[in-house]
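Dear colleague,

Please find the structure below. My notes on it follow.

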Amino acid sequence: MGTDIMMILKFHNSGRGSYANATLACVSTNLFLQSLHVFIVNAKKSRWIKLREQLIVFTLIKPGVDAYRASLSSEAEADSFCSPREELTIHRTIEMVAESIPTSVIQMAALISSTEVDAAQFLAILSSVCTAGFMSALISYDWDTSKENRLYSPKFYGYIPHSRPLKVLTFVNLFLMSSCNLVVRALSVCVLATKGGSFAVAILLAEMALYYVIKTMRGDLWYWAPMTTLGKRLVNVVFNVSLIKLAVDWSLVVQFRHPQEVGGAYFSFSLLVTVAIGLISLNFYEEPEGSWEKSRITLLMTSCCGIFLCSFALFLASINRKYLHTFVSTLTACQYISDIFTDNPNDDEARSFIFSRNEQKWKSVRGQCKAWLNERLPVWIREQPDWFTDYRKSLIPDHMVDDKRLMVQLKTKNVEAISARRRSSLSGLG
(Lines give C-alpha, C1' and ligand atoms only; values in the text may rest on other atoms or scores of the structure.)
Protein backbone atom coordinates (compact mmCIF):
# COMPACT_ATOMS: atom_id res chain seq x y z
CA MET A 1 0.00 0.00 0.00
CA GLY A 2 2.97 2.31 0.61
CA THR A 3 3.99 2.35 -3.05
CA ASP A 4 0.36 2.89 -4.08
CA ILE A 5 0.15 6.02 -1.90
CA MET A 6 3.47 7.19 -3.37
CA MET A 7 2.11 6.77 -6.90
CA ILE A 8 -1.13 8.59 -6.04
CA LEU A 9 0.94 11.61 -5.04
CA LYS A 10 3.25 11.25 -8.04
CA PHE A 11 0.38 10.96 -10.53
CA HIS A 12 -1.36 13.93 -8.95
CA ASN A 13 1.75 16.14 -9.00
CA SER A 14 2.52 15.24 -12.62
CA GLY A 15 -0.97 16.19 -13.83
CA ARG A 16 -2.19 12.62 -14.38
CA GLY A 17 -5.21 12.95 -12.14
CA SER A 18 -7.16 10.07 -13.68
CA TYR A 19 -4.42 7.58 -12.72
CA ALA A 20 -4.23 9.07 -9.21
CA ASN A 21 -8.01 8.82 -8.71
CA ALA A 22 -8.13 5.26 -10.05
CA THR A 23 -5.34 4.16 -7.70
CA LEU A 24 -7.03 5.86 -4.75
CA ALA A 25 -10.28 4.09 -5.62
CA CYS A 26 -8.49 0.72 -5.52
CA VAL A 27 -6.98 1.39 -2.09
CA SER A 28 -10.35 2.59 -0.76
CA THR A 29 -12.18 -0.44 -2.20
CA ASN A 30 -9.70 -2.79 -0.56
CA LEU A 31 -10.22 -1.20 2.87
CA PHE A 32 -14.00 -1.10 2.40
CA LEU A 33 -14.26 -4.79 1.44
CA GLN A 34 -11.98 -5.84 4.30
CA SER A 35 -14.05 -3.76 6.72
CA LEU A 36 -17.27 -5.26 5.35
CA HIS A 37 -15.98 -8.80 5.71
CA VAL A 38 -14.80 -8.12 9.28
CA PHE A 39 -18.28 -6.80 10.09
CA ILE A 40 -19.93 -9.97 8.70
CA VAL A 41 -17.49 -12.34 10.44
CA ASN A 42 -18.00 -10.67 13.82
CA ALA A 43 -21.75 -9.97 13.46
CA LYS A 44 -22.61 -12.09 16.54
CA LYS A 45 -19.90 -10.64 18.77
CA SER A 46 -19.94 -7.70 21.16
CA ARG A 47 -19.63 -4.12 19.91
CA TRP A 48 -16.20 -3.81 21.56
CA ILE A 49 -14.84 -6.74 19.60
CA LYS A 50 -16.39 -5.31 16.41
CA LEU A 51 -14.68 -1.97 17.07
CA ARG A 52 -11.36 -3.65 17.81
CA GLU A 53 -11.49 -5.62 14.57
CA GLN A 54 -12.32 -2.50 12.53
CA LEU A 55 -9.37 -0.67 14.09
CA ILE A 56 -7.12 -3.57 13.09
CA VAL A 57 -8.25 -3.12 9.46
CA PHE A 58 -7.84 0.65 9.28
CA THR A 59 -4.49 0.69 11.09
CA LEU A 60 -3.24 -1.66 8.33
CA ILE A 61 -2.09 -4.40 10.72
CA LYS A 62 -4.77 -6.88 9.62
CA PRO A 63 -2.38 -9.16 7.62
CA GLY A 64 -0.07 -9.64 10.61
CA VAL A 65 -2.90 -10.18 13.09
CA ASP A 66 -4.61 -12.73 10.82
CA ALA A 67 -1.35 -14.63 10.28
CA TYR A 68 -0.76 -14.78 14.04
CA ARG A 69 -4.29 -16.02 14.74
CA ALA A 70 -4.06 -18.65 12.01
CA SER A 71 -0.84 -19.96 13.57
CA LEU A 72 -2.61 -20.45 16.91
CA SER A 73 -5.80 -22.18 15.77
CA SER A 74 -7.25 -23.70 12.61
CA GLU A 75 -10.85 -23.92 13.84
CA ALA A 76 -13.45 -21.16 14.02
CA GLU A 77 -15.09 -20.06 17.23
CA ALA A 78 -18.74 -21.00 17.71
CA ASP A 79 -19.92 -17.41 17.11
CA SER A 80 -17.65 -16.77 14.10
CA PHE A 81 -18.41 -17.02 10.40
CA CYS A 82 -15.12 -18.68 9.39
CA SER A 83 -11.87 -20.12 10.77
CA PRO A 84 -8.73 -17.98 11.26
CA ARG A 85 -7.08 -19.59 8.21
CA GLU A 86 -10.14 -18.97 6.05
CA GLU A 87 -10.31 -15.36 7.24
CA LEU A 88 -6.61 -14.88 6.46
CA THR A 89 -7.13 -16.32 2.97
CA ILE A 90 -10.19 -14.18 2.29
CA HIS A 91 -8.41 -10.98 3.30
CA ARG A 92 -5.34 -11.83 1.24
CA THR A 93 -7.62 -12.51 -1.72
CA ILE A 94 -9.48 -9.23 -1.23
CA GLU A 95 -6.18 -7.33 -1.14
CA MET A 96 -5.05 -9.02 -4.36
CA VAL A 97 -8.30 -8.53 -6.28
CA ALA A 98 -9.24 -5.07 -4.99
CA GLU A 99 -5.80 -3.45 -4.84
CA SER A 100 -2.70 -5.30 -6.09
CA ILE A 101 -4.24 -6.50 -9.38
CA PRO A 102 -6.06 -3.31 -10.47
CA THR A 103 -3.17 -1.04 -9.44
CA SER A 104 -0.88 -3.24 -11.54
CA VAL A 105 -3.14 -2.57 -14.54
CA ILE A 106 -3.26 1.17 -13.81
CA GLN A 107 0.50 1.44 -13.39
CA MET A 108 1.11 -0.70 -16.46
CA ALA A 109 -1.15 1.60 -18.49
CA ALA A 110 0.72 4.64 -17.18
CA LEU A 111 4.07 2.99 -17.89
CA ILE A 112 3.47 2.03 -21.51
CA SER A 113 1.75 5.34 -22.32
CA SER A 114 5.05 7.14 -21.84
CA THR A 115 8.26 6.65 -23.82
CA GLU A 116 10.33 7.46 -20.73
CA VAL A 117 10.69 4.78 -18.06
CA ASP A 118 10.35 6.38 -14.64
CA ALA A 119 12.24 4.52 -11.89
CA ALA A 120 9.58 5.19 -9.24
CA GLN A 121 6.81 4.05 -11.57
CA PHE A 122 8.70 0.89 -12.43
CA LEU A 123 9.28 0.22 -8.71
CA ALA A 124 5.57 0.69 -8.00
CA ILE A 125 4.39 -1.79 -10.62
CA LEU A 126 7.07 -4.27 -9.55
CA SER A 127 5.85 -3.92 -5.96
CA SER A 128 2.19 -4.53 -6.92
CA VAL A 129 3.03 -7.55 -9.07
CA CYS A 130 5.37 -9.08 -6.49
CA THR A 131 2.88 -8.46 -3.67
CA ALA A 132 0.13 -10.28 -5.56
CA GLY A 133 2.54 -13.07 -6.56
CA PHE A 134 3.80 -13.54 -3.01
CA MET A 135 0.30 -13.61 -1.48
CA SER A 136 -0.87 -16.07 -4.13
CA ALA A 137 2.08 -18.37 -3.44
CA LEU A 138 1.62 -18.04 0.31
CA ILE A 139 -2.08 -18.97 0.19
CA SER A 140 -1.35 -22.11 -1.81
CA TYR A 141 1.71 -23.10 0.24
CA ASP A 142 0.01 -22.60 3.64
CA TRP A 143 -3.08 -24.62 2.74
CA ASP A 144 -1.17 -27.51 1.20
CA THR A 145 1.41 -27.88 3.99
CA SER A 146 -1.22 -27.83 6.73
CA LYS A 147 -1.04 -31.09 8.70
CA GLU A 148 -4.79 -30.98 9.30
CA ASN A 149 -5.58 -30.60 5.59
CA ARG A 150 -3.24 -33.43 4.63
CA LEU A 151 -4.84 -35.65 7.27
CA TYR A 152 -8.49 -35.07 6.37
CA SER A 153 -8.18 -34.38 2.61
CA PRO A 154 -5.20 -36.47 1.45
CA LYS A 155 -6.62 -36.76 -2.07
CA PHE A 156 -6.14 -33.03 -2.65
CA TYR A 157 -3.51 -31.78 -0.20
CA GLY A 158 0.08 -33.00 -0.28
CA TYR A 159 1.42 -31.95 -3.70
CA ILE A 160 4.30 -30.01 -2.13
CA PRO A 161 7.15 -32.51 -1.42
CA HIS A 162 8.65 -32.99 2.06
CA SER A 163 12.16 -32.27 0.81
CA ARG A 164 13.24 -28.74 1.80
CA PRO A 165 14.97 -27.92 -1.53
CA LEU A 166 11.87 -29.03 -3.43
CA LYS A 167 9.67 -27.02 -1.08
CA VAL A 168 11.71 -23.90 -1.87
CA LEU A 169 11.64 -24.67 -5.59
CA THR A 170 7.86 -25.17 -5.50
CA PHE A 171 7.31 -21.87 -3.69
CA VAL A 172 9.54 -19.98 -6.12
CA ASN A 173 7.63 -21.45 -9.05
CA LEU A 174 4.31 -20.55 -7.42
CA PHE A 175 5.56 -16.98 -7.09
CA LEU A 176 6.87 -16.77 -10.66
CA MET A 177 3.73 -18.30 -12.15
CA SER A 178 1.47 -15.86 -10.34
CA SER A 179 3.62 -12.79 -11.03
CA CYS A 180 4.06 -13.51 -14.75
CA ASN A 181 0.38 -14.38 -15.08
CA LEU A 182 -0.51 -10.96 -13.66
CA VAL A 183 1.91 -9.11 -15.94
CA VAL A 184 0.52 -10.91 -19.01
CA ARG A 185 -3.07 -10.15 -18.00
CA ALA A 186 -2.36 -6.51 -17.14
CA LEU A 187 -0.42 -5.91 -20.34
CA SER A 188 -3.15 -7.62 -22.39
CA VAL A 189 -5.82 -5.31 -21.00
CA CYS A 190 -3.68 -2.23 -21.66
CA VAL A 191 -3.00 -3.38 -25.24
CA LEU A 192 -6.67 -4.18 -25.92
CA ALA A 193 -7.66 -0.83 -24.43
CA THR A 194 -5.87 0.91 -27.31
CA LYS A 195 -8.81 -0.31 -29.43
CA GLY A 196 -11.14 1.26 -26.88
CA GLY A 197 -11.82 0.67 -23.20
CA SER A 198 -15.20 -0.91 -23.92
CA PHE A 199 -13.51 -3.55 -26.08
CA ALA A 200 -11.29 -4.73 -23.21
CA VAL A 201 -14.17 -4.63 -20.71
CA ALA A 202 -16.42 -6.65 -23.06
CA ILE A 203 -13.83 -9.44 -23.26
CA LEU A 204 -13.45 -9.58 -19.46
CA LEU A 205 -17.22 -9.60 -18.91
CA ALA A 206 -17.67 -12.35 -21.52
CA GLU A 207 -15.07 -14.44 -19.68
CA MET A 208 -16.89 -13.95 -16.37
CA ALA A 209 -20.27 -14.77 -17.94
CA LEU A 210 -18.87 -18.00 -19.42
CA TYR A 211 -17.66 -19.02 -15.97
CA TYR A 212 -21.10 -18.52 -14.41
CA VAL A 213 -22.72 -20.47 -17.25
CA ILE A 214 -20.34 -23.39 -16.68
CA LYS A 215 -20.97 -23.30 -12.92
CA THR A 216 -24.73 -23.28 -13.45
CA MET A 217 -24.69 -26.12 -16.01
CA ARG A 218 -22.66 -28.28 -13.60
CA GLY A 219 -25.10 -27.62 -10.74
CA ASP A 220 -22.28 -25.98 -8.81
CA LEU A 221 -23.37 -22.33 -8.67
CA TRP A 222 -24.10 -22.01 -4.94
CA TYR A 223 -20.93 -21.32 -2.95
CA TRP A 224 -19.91 -23.74 -0.21
CA ALA A 225 -20.26 -21.27 2.68
CA PRO A 226 -23.38 -22.11 4.75
CA MET A 227 -25.99 -19.42 4.01
CA THR A 228 -29.63 -19.90 4.97
CA THR A 229 -31.64 -17.26 3.11
CA LEU A 230 -31.85 -16.77 -0.66
CA GLY A 231 -30.62 -13.17 -0.40
CA LYS A 232 -27.51 -14.19 1.51
CA ARG A 233 -26.84 -17.00 -0.95
CA LEU A 234 -27.04 -14.61 -3.90
CA VAL A 235 -24.63 -12.17 -2.23
CA ASN A 236 -22.37 -15.08 -1.40
CA VAL A 237 -22.37 -16.25 -5.03
CA VAL A 238 -21.69 -12.80 -6.50
CA PHE A 239 -19.05 -11.83 -3.94
CA ASN A 240 -17.16 -15.05 -3.28
CA VAL A 241 -17.44 -16.79 -6.64
CA SER A 242 -16.43 -13.63 -8.54
CA LEU A 243 -13.63 -12.90 -6.07
CA ILE A 244 -12.14 -16.38 -6.38
CA LYS A 245 -12.56 -16.42 -10.16
CA LEU A 246 -10.73 -13.09 -10.54
CA ALA A 247 -7.95 -14.28 -8.21
CA VAL A 248 -7.41 -17.37 -10.38
CA ASP A 249 -7.56 -15.51 -13.70
CA TRP A 250 -5.17 -12.76 -12.65
CA SER A 251 -2.95 -14.27 -9.94
CA LEU A 252 -3.26 -18.01 -10.63
CA VAL A 253 -3.79 -19.05 -6.99
CA VAL A 254 -3.12 -22.81 -7.16
CA GLN A 255 -5.14 -23.46 -3.99
CA PHE A 256 -8.26 -22.27 -5.80
CA ARG A 257 -8.19 -25.21 -8.20
CA HIS A 258 -9.97 -26.91 -5.31
CA PRO A 259 -13.33 -28.50 -6.28
CA GLN A 260 -15.04 -26.09 -3.87
CA GLU A 261 -13.62 -23.13 -5.82
CA VAL A 262 -13.05 -23.05 -9.63
CA GLY A 263 -11.98 -26.70 -10.01
CA GLY A 264 -8.87 -28.20 -11.58
CA ALA A 265 -10.07 -28.25 -15.19
CA TYR A 266 -11.14 -24.60 -15.19
CA PHE A 267 -7.90 -23.61 -13.44
CA SER A 268 -5.83 -25.08 -16.28
CA PHE A 269 -8.23 -23.63 -18.85
CA SER A 270 -7.77 -20.17 -17.32
CA LEU A 271 -4.00 -20.56 -17.54
CA LEU A 272 -4.18 -21.32 -21.26
CA VAL A 273 -6.65 -18.48 -21.84
CA THR A 274 -4.25 -16.02 -20.21
CA VAL A 275 -1.43 -16.99 -22.58
CA ALA A 276 -3.77 -16.98 -25.59
CA ILE A 277 -5.21 -13.55 -24.78
CA GLY A 278 -1.72 -12.19 -24.19
CA LEU A 279 -0.34 -13.31 -27.54
CA ILE A 280 -3.49 -12.56 -29.56
CA SER A 281 -3.82 -9.07 -28.05
CA LEU A 282 -0.55 -8.04 -29.72
CA ASN A 283 -2.43 -7.98 -33.03
CA PHE A 284 -4.73 -5.24 -31.70
CA TYR A 285 -2.04 -2.85 -30.47
CA GLU A 286 -2.34 0.45 -32.34
CA GLU A 287 0.75 2.17 -30.82
CA PRO A 288 -0.74 5.50 -29.70
CA GLU A 289 1.47 8.56 -30.08
CA GLY A 290 3.93 8.95 -27.22
CA SER A 291 3.54 5.32 -26.11
CA TRP A 292 5.81 2.29 -26.23
CA GLU A 293 6.54 0.95 -29.67
CA LYS A 294 5.03 -2.41 -30.59
CA SER A 295 8.41 -4.19 -30.60
CA ARG A 296 8.95 -3.38 -26.92
CA ILE A 297 5.41 -4.52 -26.00
CA THR A 298 5.93 -7.75 -27.97
CA LEU A 299 9.25 -8.45 -26.25
CA LEU A 300 7.75 -7.95 -22.76
CA MET A 301 4.67 -10.05 -23.55
CA THR A 302 6.50 -12.99 -25.11
CA SER A 303 9.15 -12.98 -22.37
CA CYS A 304 6.54 -13.11 -19.60
CA CYS A 305 4.55 -15.82 -21.40
CA GLY A 306 7.74 -17.85 -21.79
CA ILE A 307 8.76 -17.51 -18.13
CA PHE A 308 5.18 -18.24 -17.11
CA LEU A 309 4.96 -21.50 -19.07
CA CYS A 310 8.47 -22.62 -18.06
CA SER A 311 7.81 -22.02 -14.37
CA PHE A 312 4.50 -23.90 -14.61
CA ALA A 313 6.21 -26.85 -16.32
CA LEU A 314 8.95 -26.85 -13.66
CA PHE A 315 6.28 -26.62 -10.96
CA LEU A 316 4.48 -29.70 -12.31
CA ALA A 317 7.79 -31.57 -12.52
CA SER A 318 8.68 -30.78 -8.89
CA ILE A 319 5.41 -31.67 -7.12
CA ASN A 320 4.25 -35.12 -6.04
CA ARG A 321 3.05 -36.82 -9.22
CA LYS A 322 -0.08 -38.37 -7.74
CA TYR A 323 -1.62 -34.88 -7.48
CA LEU A 324 -1.24 -33.99 -11.14
CA HIS A 325 -4.83 -35.10 -11.76
CA THR A 326 -6.09 -32.29 -9.49
CA PHE A 327 -5.08 -29.81 -12.23
CA VAL A 328 -7.49 -31.35 -14.73
CA SER A 329 -10.14 -32.68 -12.35
CA THR A 330 -13.80 -32.10 -13.18
CA LEU A 331 -14.96 -32.94 -9.65
CA THR A 332 -17.62 -30.51 -8.40
CA ALA A 333 -17.96 -29.10 -4.90
CA CYS A 334 -21.12 -31.18 -4.38
CA GLN A 335 -19.27 -34.38 -5.25
CA TYR A 336 -16.22 -33.47 -3.17
CA ILE A 337 -18.22 -32.67 -0.01
CA SER A 338 -20.46 -35.72 -0.36
CA ASP A 339 -17.41 -37.95 -0.93
CA ILE A 340 -15.86 -36.85 2.37
CA PHE A 341 -18.97 -38.14 4.12
CA THR A 342 -19.27 -41.43 2.23
CA ASP A 343 -15.52 -42.19 2.24
CA ASN A 344 -15.23 -42.02 6.05
CA PRO A 345 -17.96 -44.32 7.44
CA ASN A 346 -16.11 -44.88 10.75
CA ASP A 347 -14.72 -41.39 11.32
CA ASP A 348 -17.25 -39.10 13.04
CA GLU A 349 -14.85 -36.18 13.12
CA ALA A 350 -14.23 -36.28 9.37
CA ARG A 351 -17.92 -36.76 8.62
CA SER A 352 -18.95 -33.80 10.79
CA PHE A 353 -17.08 -31.56 8.30
CA ILE A 354 -20.21 -31.72 6.15
CA PHE A 355 -22.11 -29.42 8.53
CA SER A 356 -19.66 -26.58 7.83
CA ARG A 357 -20.80 -26.51 4.21
CA ASN A 358 -23.92 -25.22 2.46
CA GLU A 359 -26.69 -27.83 2.65
CA GLN A 360 -27.25 -27.46 -1.08
CA LYS A 361 -23.84 -29.05 -1.57
CA TRP A 362 -24.65 -32.31 0.21
CA LYS A 363 -28.33 -32.83 -0.45
CA SER A 364 -27.51 -36.11 -2.23
CA VAL A 365 -26.46 -37.67 1.10
CA ARG A 366 -28.84 -35.75 3.38
CA GLY A 367 -30.84 -38.86 4.28
CA GLN A 368 -27.74 -40.87 5.20
CA CYS A 369 -26.37 -37.89 7.11
CA LYS A 370 -29.55 -37.45 9.16
CA ALA A 371 -29.67 -41.13 10.12
CA TRP A 372 -26.00 -41.09 11.13
CA LEU A 373 -26.37 -37.86 13.13
CA ASN A 374 -29.36 -39.08 15.15
CA GLU A 375 -27.53 -42.31 15.92
CA ARG A 376 -24.25 -40.70 16.99
CA LEU A 377 -25.30 -37.39 18.60
CA PRO A 378 -26.34 -38.94 21.99
CA VAL A 379 -22.93 -40.63 22.11
CA TRP A 380 -21.07 -37.36 21.46
CA ILE A 381 -23.05 -35.51 24.12
CA ARG A 382 -22.38 -38.24 26.63
CA GLU A 383 -18.68 -38.81 25.85
CA GLN A 384 -17.69 -35.28 24.70
CA PRO A 385 -14.83 -36.29 22.34
CA ASP A 386 -12.05 -33.73 21.87
CA TRP A 387 -13.13 -32.82 18.34
CA PHE A 388 -16.71 -32.07 19.46
CA THR A 389 -15.95 -28.40 20.16
CA ASP A 390 -18.30 -25.44 20.62
CA TYR A 391 -17.82 -24.59 16.96
CA ARG A 392 -18.73 -28.10 15.76
CA LYS A 393 -21.80 -28.10 18.00
CA SER A 394 -22.98 -24.77 16.63
CA LEU A 395 -22.93 -26.14 13.06
CA ILE A 396 -25.46 -28.94 13.63
CA PRO A 397 -28.75 -27.98 11.91
CA ASP A 398 -31.77 -28.08 14.22
CA HIS A 399 -34.02 -29.70 11.61
CA MET A 400 -31.65 -32.67 11.29
CA VAL A 401 -32.15 -33.77 14.90
CA ASP A 402 -35.29 -35.80 15.66
CA ASP A 403 -35.01 -35.67 19.47
CA LYS A 404 -35.42 -31.96 20.21
CA ARG A 405 -34.41 -32.50 23.84
CA LEU A 406 -30.90 -33.33 22.62
CA MET A 407 -30.82 -30.13 20.60
CA VAL A 408 -31.92 -28.03 23.59
CA GLN A 409 -29.25 -29.64 25.74
CA LEU A 410 -26.63 -29.10 23.08
CA LYS A 411 -27.51 -25.46 22.40
CA THR A 412 -27.77 -24.56 26.07
CA LYS A 413 -24.28 -25.81 26.82
CA ASN A 414 -22.96 -24.11 23.72
CA VAL A 415 -24.45 -20.71 24.65
CA GLU A 416 -22.96 -20.98 28.12
CA ALA A 417 -19.53 -21.69 26.65
CA ILE A 418 -19.76 -18.75 24.22
CA SER A 419 -20.88 -16.38 26.99
CA ALA A 420 -17.99 -17.47 29.19
CA ARG A 421 -15.52 -16.89 26.36
CA ARG A 422 -16.95 -13.42 25.68
CA ARG A 423 -16.62 -12.45 29.35
CA SER A 424 -13.04 -13.67 29.27
CA SER A 425 -12.20 -11.67 26.14
CA LEU A 426 -13.80 -8.51 27.54
CA SER A 427 -11.90 -8.82 30.79
CA GLY A 428 -8.74 -9.18 28.73
CA LEU A 429 -9.50 -5.89 26.98
CA GLY A 430 -9.70 -4.14 30.32
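How close do the axes of helix α5 and helix α6 come, and at roughly what angle do they cross? The axes of α5 (residues 84–112) and α6 (residues 119–144) come within 9 Å and cross at roughly 155 degrees. The two helices are therefore roughly antiparallel, a label given to angles over 145 degrees. Axes here are lines fitted to C-alpha atoms, for helices over the stretch in contact, with angles running from 0 to 180 degrees between N-to-C directions. The crossing of α5 past α6 is left-handed, meaning that the near helix is turned anticlockwise from the far one by less than a right angle. By class, their contact has 12 nonpolar, 10 polar and five charged residues. Ala, Val, Leu, Ile, Met, Phe, Trp, Tyr, Cys and Pro count as nonpolar, Asp, Glu, Lys and Arg as charged, and the others, Gly among them, as polar.

Please keep in mind that this is a predicted model, in which local features need pLDDT of at least 70 and side-chain atom pairs count only at pLDDT 80 or more, while totals for chains, interfaces and linings use all residues. Residues are numbered from 1 along each chain as its sequence is written, and side-chain values use heavy atoms, with hydrogens and water left out.

The protein chain has 17 helices and zero strands; these are DSSP runs numbered from the N terminus, helices being H or I of at least four residues and strands E of at least two. Of its 430 residues, 50% are buried (under 20% relative accessible area, 1.4 Å probe, protein chains only).

Helix α5 also meets α2 (residues 17–41): their axes come within 9 Å and cross at roughly 175 degrees. That makes α2 roughly antiparallel to α5.

Serine 251 lies in helix α10 (residues 230–251) and counts as buried because its relative accessibility is 0%. Leaving aside residues up to four places away in sequence, serine 251 touches Met96, Ile101, Ala132, Ser136, Ser178, Asn181 and Leu246. Serine 179 is in helix α8 (residues 164–193), and at 7% relative accessibility serine 179 counts as buried. The C-alpha atoms of serine 179 and leucine 252 are separated by 8.6 Å, with the two residues 73 apart along the chain.

Regards

Methods
Parallel < 35°, antiparallel > 145°, perpendicular 65-115°, else oblique. Contact = heavy atoms within 4.5 Å.
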